[in-house]
Amino acid sequence: MVDLVAFATSKHVSAAAINAGGSGYAADDILTITHLGAWHDCKIKVLTVDGPGAILTFKILDNGAFSNRVASVAINAAGSGYVAGDIVRLTTGTYTEPCKVKVDTVSSGAAATVSIYETGGAYSVAPTATGGATDSNVGTGSGTGLLINVTAMTGLIGTTAISATGGTGSSATFDLTLTDTGWNCSQSEMTLNNYSFNSITDEKQVVLEGSNVGGNEPFVAFRTYTATVGIDTFYGVAVMGMDSYNNGLSLDSQTNLGPSGTPSNTSCQLIMLDNAQDYWFAVTSRYIFAVVKCVAGATTSYNTLGAGLLDVMATVTEMPYPLYVQGTAGNHDQAADAGGFANTGPTEAYTTAGGYSAYLRNIAGNWVGINNGGSIYTVAPISGAVVNINVVELDELAQNSQMNLHNDNNTIVSSTFATANAVIRPTLGANEILLWPATVMGCPINDTTSTTQNSGDNTSLTLMYGEIPGIYWCPATDSSGSALVAEDVIDVGGQDYILFQNAHRTERYSYFALKRA
């Protein structure tokens, strides 16, 4: 969670240009641009070079996370009532994430030594250098009066002639364009370290506010948790959204918080393991997405989290609530590598454990569950496929990279494979792959004959709410029949996409592609 917040609230390299091509480089070299204020480094892949090895073309693999952060602190006034381990927040300056300070040792309740806790924050205007005020709104302790001297800031990485390291060559520099990622946790209680669940009192709670040109900004929240069932312990992050945020109210009291503030069988959550795990983040100003690779024994499961606004197919007035949250499952107390359809992914959207894995805030303003196995709210193009489609036929469909759009079951794949209302079959070149936007839809429940919707918030047979940003259904074979596997990077029109499984499933139709950088 610390990493995700730092990534979402920092600036990223949105564009780069060659300042000096250097020499001695080779195609496929990976270069790193780093800085003291980098929570993530920027990664660049060399595409072409000239004879002496100067870089001619490249692509950005990782946009990085750069900010002006607090680098070191000291005590100005020790205050009173503190205990070792208390965490306070610097209250001055302008920031998208506040700097937290940990009280390491005390003397009779007065702070004796302190250190930076987590990231050092993300600042556009630095906090007060001498005697800066603090508060305990980030969650722990009840001490008062601690004043902090900020003894160093990292500064922000420059934008002209910035050196890159790595690869086979030397002396390459780049001109950078830095852009805000678009999220902040700057209101007073948006980042806490004392959420209590299952008798554990130091779980993390974060509310992030995104940005949305021309409409209401999204508010999403995350709570880490540990659940115990018998001798088994499970770990995860509950995902939720809300219409707005009032810092005078607790998270559970926020307006239209959904689907559930408490990890349960009516919430959705990312389920993880308690060990080192690889992960990927993709963040726009409207949507946050994460993939975590959970390796346990013989099973590898790619579990996911998503929250924010869909890319809608209507105006803000016509569709004011395209808020969408998605996790691994609807059951918080299960294994990250659970078999069967207990865990699921963004394009599969089907789970047999607990409630729903994803929820939509629909036009009526209600939180409704998404289930490709029999809900009126589904994710196309494989809506209904899990329970209604002959697996052999679906596997063949994926292998051939052909899809029918909007048939009589209002999903791209029909349970009867009847003639589609419209047929879209892109002509693919050699070694190309079909990418289909993951589209959240409303449709009847397994009904191929009705002329009116069984239930829901629209009388038409099919209502497209919007596309999940940067997420695409794709087959795990290209048009030549060559097999692909999780973590493969595919290039479509010069844009990279990373291929992942929906949870642990490896059927050719069970994959999704995540748009990169």
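Phe 289 is buried in this predicted model, with a relative accessible area of 1%.

A pair of aromatic rings is described by the distance of the centres and the angle of the planes. The centres of the Phe 289 and Phe 512 rings lie 6.1 Å apart and the planes stand at 80°, so this pair is edge-to-face, because an angle over 60 degrees counts as such. Phe 289 belongs to strand 23 (residues 287-296) and Phe 512 to strand 36 (residues 511-515); the pair therefore links distant parts of the chain, 223 residues apart. Both residues also belong to a cluster that ring pairs form with Trp 280, Tyr 302 and Phe 500.

The count of aromatic pairs in the model comes to 15. Among them is the pair of Phe 58 and Phe 174, which is edge-to-face because the ring centres are 5.1 Å apart and the planes stand at 75°. Phe 58 lies in strand 5 (residues 55-62) and Phe 174 in strand 16 (residues 173-180), so the contact ties together parts that are 116 residues apart in sequence. Phe 58 is buried, with a relative accessible area of 19%, a value under the 20% limit for that class. Phe 174 is buried as well, with a relative accessible area of 1%.

The two pairs are set out below.

| Pair | Distance of ring centres | Angle of planes |
|---|---|---|
| Phe 58 and Phe 174 | 5.1 Å | 75° |
| Phe 289 and Phe 512 | 6.1 Å | 80° |

Note on methods: Residues are numbered from 1 along each chain as its sequence is written. This is a predicted model: local features need pLDDT of at least 70, side-chain atom pairs count only at pLDDT 80 or more; totals for chains, interfaces and linings use all residues. Side-chain values use heavy atoms; hydrogens and water are left out. Rings of Phe, Tyr and Trp (its six-membered ring) pair if their centres lie within 6.5 Å; planes under 30 degrees apart count as stacked, over 60 as edge-to-face and the rest as tilted. Helices (H or I, at least four residues) and strands (E, at least two) are DSSP runs, numbered from the N terminus. Buried means under 20% relative accessible area, exposed over 50%, partly exposed in between (1.4 Å probe, protein chains only).
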